[in-house]
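Here are my notes on the model, as numbered points. Please read them with the coordinates open.

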Amino acid sequence: MAPYWPLWMIDARSQQVLYVSRAYEKIWGRSCESLDRNSLPWKEAIHPDDRARRMEAFARQLKGESVEAEYRIVRPDGSLRWIRARGFPVYDESNVLIRVGGLAEDVTAAKLTQDALRASQSRFQRLVDANLFGIFIGEADGCIREANEAFLQMHGYTKADLEAGLIHRDRLITPQEQHVFQAMHQQMVTSGVTIPVETEAFRKDGTLVSVLVGLASQDAHGTYIGYVFDITERKQAELMLARYFSEIEESQTCIAEQSAQLARQAEDLALARDQAEAANRAKSQFLASMSHEIRTPINGVIGMTKLILETALSAEQQGYAQVACTSLKPIDARRLKAVLRTHGLM
């Protein structure tokens with residue numbers, strides 16, 4: 001949509017409105033007829049905070065000065081508009097000021113854009129000054145032109161180093177990480193921004209710092225803005241955590257091996273126990289059989305000896321038979337077991 005440019009003309013002596021274009025209605029929200037021979041509605045529309053300054057400029061116009069001024073107006077619906085006005089004098093043939101003319105322009109959009117830009121710049125500057133993370137601006141040739149204190153401290157440089165042009169991309173990027181920056185640069189050229197990338201960078205003293213870095217193109221000349229976080233502590237914590245989990249895994253493996261060994265030992269003990277119980281059962285059966293086998297013939301001998309004792313025997317024969325009977329008492333399993341153990345047969 002084409003911009004509206006209200007034109008106006010007033011009488012220099014009476015200050016009556018002689019002409020105003022219809023564009024006035026589009027911007028002021030008032031009819032041109034309301035200004036017919038009366039400039040009061042135009043003055044009343046000026047924002048109270050800007051009215052004195054605008055009327056002072058208008059007074060200078062009535063003295064023949066060419067004036068340019070910016071001010072706000074309040075439309076009947078309460079909305080605001082920013083106006084940039086240019087006034088010029090009109091003289092007659094005798095060089096007497098007879099009219100004052102002017103041209104107005106609605107610059108509301110531009111003013112809002114400027115205000116938003118200033119607010120954005122202010123917020124960005126507060127963010128830079130807060131030093132929550134490193135911020136830097138690099139040139140296409142690799143020189144770091146601007147950087148905040150967080151960036152300088154992170155890489156071990158000073159403000160004097162920055163002003164002397166000593167901070168360069170090639171001094172920050174390790175040879176092993178050159179391909180990372182090249183990929184980021186290509187992505188920045190293609191899409192304007194890069195995704196954050198974890199990498200390593202040099203400090204001024206040659207030591208390494210783990211960083212998370214991102215880039216965004218700033219203009220068509222290769223200038224870019226970047227942000228960088230020091231993630232050294234986080235990387236160290238991740239390393240310690242990985243080592244901790246590795247130790248846990250090793251411990252679990254060791255415990256599993258020990259459990260398996262204990263299980264095998266338990267199986268061996270169970271087998272030995274079963275074998276011992278089987279041997280004990282075999283011994284008991286052997287002792288029972290031996291006791292039975294020995295007792296049977298001995299009982300017969302004892303019985304016959306007792307019968308001999310009941311016959312007529314000499315005293316000497318009686319003594320011998322009595323000794324034999326006493327010696328041939330039945331042998332039980334316990335006594336047999338003790339005898340066999342004494343002679344190493346068990």
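1. The buried residues of α8 pack against α7 (169-172), β8 (197-202), β9 (208-217) and β10 (224-230). Keep in mind that this is a predicted model.

2. Which residues of α8 are buried? They are V180, F181, M184 and M188. They cover an arc of only 95 degrees around the axis, so they sit on the same side of α8. The face turned away from that buried side carries exposed residues: H179, Q182, V189 and T190.

3. The length of α8 checks out. The helix runs over residues 178-191, 14 residues in all. At 1.5 Å a residue it should span 20 Å, and its end C-alpha atoms are 20 Å apart, which agrees. G192 follows α8, with a positive phi near 95 degrees.

4. The whole structure holds 16 salt bridges. One of them joins D50 and R72, with the closest N and O atoms 2.8 Å apart. D50 lies in helix α3 (residues 48-62) and R72 in strand β3 (residues 67-74), so the pair ties together parts that are 22 residues apart in sequence. Both D50 and R72 are buried.

5. R60 and E56 also form a salt bridge, at 2.7 Å from N to O. They are four residues apart in helix α3, which means a separation of about one helical turn. R60 is partly exposed, at 27% relative accessible area. E56 is partly exposed too, at 41%.

6. R145 and E146 meet in a salt bridge of 2.9 Å, N to O. R145 is partly exposed at 37% relative accessibility, and E146 is partly exposed at 40%.

7. Check the network as well: salt bridges link E68, E70, R84, R86, E105 and K111.

Definitions and conventions. Residues numbered from 1 in each chain as written. Predicted model: local features only at pLDDT ≥ 70, side-chain atom pairs only at ≥ 80, totals over all residues. Heavy atoms only, no water. Helix = DSSP H or I, 4+ residues; strand = E, 2+ residues; numbered from the N terminus. Expected span 1.5 Å × (residues − 1). Buried < 20%, exposed > 50% of the residue type's maximum accessible area, 1.4 Å probe, protein only. Arc of directions from axis to C-beta. Contact = heavy atoms within 4.5 Å. Salt bridge = Lys/Arg side-chain N within 4 Å of Asp/Glu carboxyl O.
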